[in-house]
Amino acid sequence: MTRLSDPPVGTATAVGLSVERVDARDKLAGKAEFTVDLHPPFMLYGSVLRSPYAHAVIEGIDTSAAEATDGVVAVLTGDDLADIDPYYGHALRDRPVVAIGKVRFAGEPVAVVAAVTQSVADAALASIEVTYGTLEVAASLDAALAPDAPLVHEGAVRPGLAHGLGALPEREGNICYRYGFARGDTESVFESAPVVVEGDYLFPAVYQYSMETHTTIAHHKGDDIVVWSSCQHPFLVRQEISELFGLPLDRVEVIVPFLGGGFGSKSYTKMEPLTVAISRKAGRPVRILNRVDESMVTTRRHNMKCRMRTAAGADGELLGREVELWLDTGAYADNGPRVTATAGDAAPGPYGWKAMDVRAHCVYTNTGPSGSYRAFGSTHVQWIGESQVDEVARRVGMDRLEIRRRNLLPRGGEVRPGAKGVDADLVGDIEAVAAAIDWGAERPPNRGVGISIGLLAAGAHPVSMATVRLGPDGGVTVLVGTTELGQGSRTAMGQIAAEVLKIDSSRVRTMGTDTAYTPYDRSTGASRSTTVAGKAVEEAALSVLDALLETAEEILGVDRAELTVAGGAVEAGGQAIAYQELVQRRFGLAGGELVGHGRVQPRGKSGGFADGPVFWEICAAGAEVELDPETGIVTVLRTSSVADVGRAINPQLVESQDEGGTLQGLGNALFEEMRFDASGTLLNDTLLDYRIPSFEDLPAAMSCTIVENADGPGPFGAKGCGEGVLAGLPAAIVNALADAGVAMRELPLTPERVWNQIRKQRIDGASSKD
Amino acid sequence: MKLPPFEVHRPTSVEDASRLLTELGDDAVAMSGGTELLLAMKLGLASYGHVVDLKRVGALRSLEVSGDVLSVGGGVTHRELETSPLVRSLFPALSSMLADVANLRVRSVGTLGGNLCFADPHSDPATFLAAMGAVAVLGSGASSRRVPVEGFSVGPYETVLAPGELLTGVELRLPGPGTGVSHVRMKTHERPTVTVTSRVEVAGGVVTSARLAVGSVCSVPVVTDTASSLLGSAREDWEERVARCSAATAEAVEPVADADGAVGYKSALVEVLARRGLHRALELAAGSAGAGGVAP
């Protein structure tokens, strides 16, 4: 790990230090509680009957045998939802809680059994008889976009509660959302450009594969609902459950213990509506614990096809880019519209185009729904755009680092019309990843190096609240709605509060979310927690500090300007008063506490959050690969990334984020691919056939350069990290492989695909010599 | 995707196990480590009301050397075999092949006998043992018979085992001086895509014995007769002979297309891996060590 700048000497007591994760010991000892560890009294076990067909009418369901089974308490079907508006979806309200009259993907829940044990529930499930009338299936983008394609949805688009996308366009066949923007005269730029690179590209469906599958316990008590869930966005889940089941927000409580990873797979609402619905019928708490094969059809990353072309001058000046994207969102929109818009935003790349035209489409198919996955949108398109930049460089005979130096947007440069300008030093970032893989060094045959850089619209909607409590013993509790899903948020939030209050971070405790007590936070995703929720924590801690100083002023009889704060005490004129004493003297007894609130919102006093996005996350990476041309095997020898974080709250956590993202990037580039057959059945729903990276796939060297320019809108100039490398690395690997001689337009880079491309290039090369 | 209920039987002798399997008939299956069987049952690919667990049959757990023959009981785990000091010193190629089978958890429970009996077409040990000319010992308590491992599997998940018959052990000839053994494989998913094992003997500078098995691309491991073309060749001929032998091997083997690749690609891989494996085995034989690596 390299840090380009050290924290200012003598200023940091907590921020900038790699303090131990607050949850590390409990997790290693197996003491940390996850949703599956919880057992509310009288809890039942749910089992979900899923459709074997990707598109079918439900002609009848006979649940009588299941209902008559000893130990079964309730069986839920679509018929049980007649008294509510049973459709949900934060972007498009298109998904029934359980199938109603029709199924749209293989794996869609058709019925749920709740029973006293899991085995009773599972056995009863087998006795439910469903009669299906199968329909024509659109299991791929091509099938869904065909002129006579069967429609996955027939009704009009209903906006969801939290899409944040402005006015939504009407559905057009199976296209449920469109996004685009343009600048300049693309046609004339491409007509007159001396160099044009163009191609069609394919990106695979992949699964987020967090270790913990979706797990939810719900208790519908009539007038109240309590949900314990492995969810990333508890407040948005609360909102959807409230709306669905007709109870006020304050009567819905969502409690989130530790998550065993999320990566976007647990963003927004997943298994919660189904679990609440079966609990409503059973009158008792019910748990639904997905198996891996069930989670794989609960959410995934969008597969995509893309047509892109890039125009350039003979001197390597990048002139124009035209992009058309089609993202496969599966049978329900989930976060597809946002993913589509973010892919559109990322498609031009961080260059100063004279003209650009981006059109992105979100398409329904009869497959499991697609949603968020770390660095969505950017991962989809960066490898395509950056491979075209490399191709331009090759054609004009320019070094691939040099072409980026000359064309990258400067600080403040326009990324797309109406958005915040570039808020980072892009040339510095790309030079850092290039240097880390010895750019320009001599290499043996069949080796190649690649670099890439892109921007990811990050921060989501910047609304977060936080509360900081300082007790009479000097201990601090942070209440903030960020979900600890393994990224280390509880540690980082504690460090931020500790830094403001100048105390050791071990005196700060950051709690999990319970929406009944924890202040509102929009979501945990889009690399926003440290930047947005962290800013709220900083403000809350500043408010506590203000109260401490106010008390000290009174006690010491001095002006605030004369007070200094260090080591958990306020000092003036050589006299120090510890926080404990300040709290106790303020309240006159041994009790009492100081409570501070912090708030971040798009407008108002937090001016840095006025423009979207909150910040541009930098997606820069480098890779060196070795190709075995006889087998097509690509081995990644080393990788580099830049964590352009403004300020590293905890450098080791920053580095770990890039290590995790690097491995996921390797998987997305080299191995991972969900395969659906023409009938819409997922063919590889176990680790036997769905390959994720293992430790054997680790590159010999991974380097992460932490860049701290204090240019973020978050606390201490911080901005988010952890996603960029996942977008940057596949692009760097594709470029490195092209440098080794094989230019690929389809991911993943399986040995067979690479081998086929090598043969194709040989044949093309031979015929062009004729 | 959930393990359905079944009854477990735990015999302690081959006789009892065999009797149970005979009595319970088609609804019963023998289980050793269970790493393959239970997975298949979870996935709904196999279904049995009775599982006859062989882990307590002591007679299947022997591991011994007699003369130049290594005898491995059908219930010896991959990990026991891999880490056995006896195997490491007398048959390092076997040890290193096993070290790359699946993962530590699977190797610690899965057995050599179980692997052969499950007869998954994608198997490192089955390819290796076929190339070694190993013998499978089958028994039912009262009687026993011996068949070459090469013909033990007759199709995907099918073997020559008669009803009530168990694979009680496997016998392999230890590599002597001048023997080179290599096992090369490539995998794109959890199970291998192509496995090639070569066993050659070099005496007086020329090849005196050569045997090659190709696995994981067809329904069963195939021992081709192509390696005999190496017989009598000296080092200066190896480059050319191996190239021809590898090409002939790829011609002789007819891969099955599946998610691991198309036929043409697999044929190309067979040629590449056979060539690399034979060269490695020849070098080892010429250097008279016994070990062989695994990566292609």
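Me: How many residues does the contact take from chain A and how many from chain B?

Reply: Some ground rules come before that: this is a predicted model, where local features need pLDDT of at least 70 and side-chain atom pairs count only at pLDDT 80 or more, while totals for chains, interfaces and linings use all residues. Residues are numbered from 1 along each chain as its sequence is written, chains are lettered from A and ligands numbered from 1 in the order in which they are written, and side-chain values use heavy atoms, with hydrogens and water left out. Now, contact means heavy atoms within 4.5 Å. Here 19 residues come from chain A and 23 residues from chain B.

Me: What area do chain A and chain B bury between them?

Reply: The size of an interface is often given as the accessible area lost when the parts come together. Buried area is that loss for two parts, with a 1.4 Å probe, summed over both. For chain A and chain B the figure is about 1,700 Å², with carbon and sulfur atoms giving 59% of it. On the chain A side, A:Glu630, A:Leu688 and A:Glu752 lose the most area to chain B, together 35% of what that side buries.

Me: How many salt bridges are there between chain A and chain B?

Reply: Look for a side-chain nitrogen of Lys or Arg within 4 Å of a carboxyl oxygen of Asp or Glu. The count between chain A and chain B is three salt bridges. One of them joins A:Asp628 to B:Arg276, at 2.8 Å from N to O. Helices and strands are DSSP runs numbered from the N terminus (H or I, at least four residues, for helices; E, at least two, for strands). By that scheme, α3 (118-125) and α18 (751-769) of chain A each supply at least two residues of the side that touches chain B. The largest share, three residues, is from α18(A).

Me: Which domains is chain A divided into?

Reply: Domain bounds come from an automatic or database domain assignment. Chain A has domain 1 (2-32 + 461-609) and domain 2 (420-459 + 613-768), and their C-alpha centres lie 36 Å apart. In this pairing, 36 residues of domain 1 of chain A are in contact with 28 residues of domain 2 of chain A. The two domains bury about 2,300 Å² between them, 56% of it from carbon and sulfur atoms. The salt bridge count between these domains is zero. On the domain 1 side, β1 (2-3), α13 (489-501) and α14 (529-556) of chain A give two or more residues each.

Me: Is A:Ser529 buried or exposed?

Reply: Go by relative accessible area: buried is under 20%, exposed is over 50%, and partly exposed is in between (1.4 Å probe, protein chains only). A:Ser529 counts as buried because its relative accessibility is 9%. A:Ser529 sits in helix α14 of chain A. Not counting residues up to four places away in sequence, A:Ser529 touches A:Thr482, A:Gln487, A:Met493, A:Thr524 and A:Gly534.

Me: And where does A:Ile100 lie?

Reply: A:Ile100 is in the loop between β6 (95-96) and β7 (102-103) of chain A. A:Ile100 is classed as partly exposed because its relative accessibility is 31%. Leaving out residues up to four places away in sequence, A:Ile100 touches A:Gly78, A:Leu81, A:Pro86 and A:Tyr87.

Me: Which residues are buried in helix α5 of chain B?

Reply: In α5 (residues 92-99) of chain B, the buried ones are B:Ala93, B:Leu94, B:Ser95, B:Met97 and B:Leu98. Their cover includes β5 (69-73), α3 (78-83) and α4 (85-90) of chain B.
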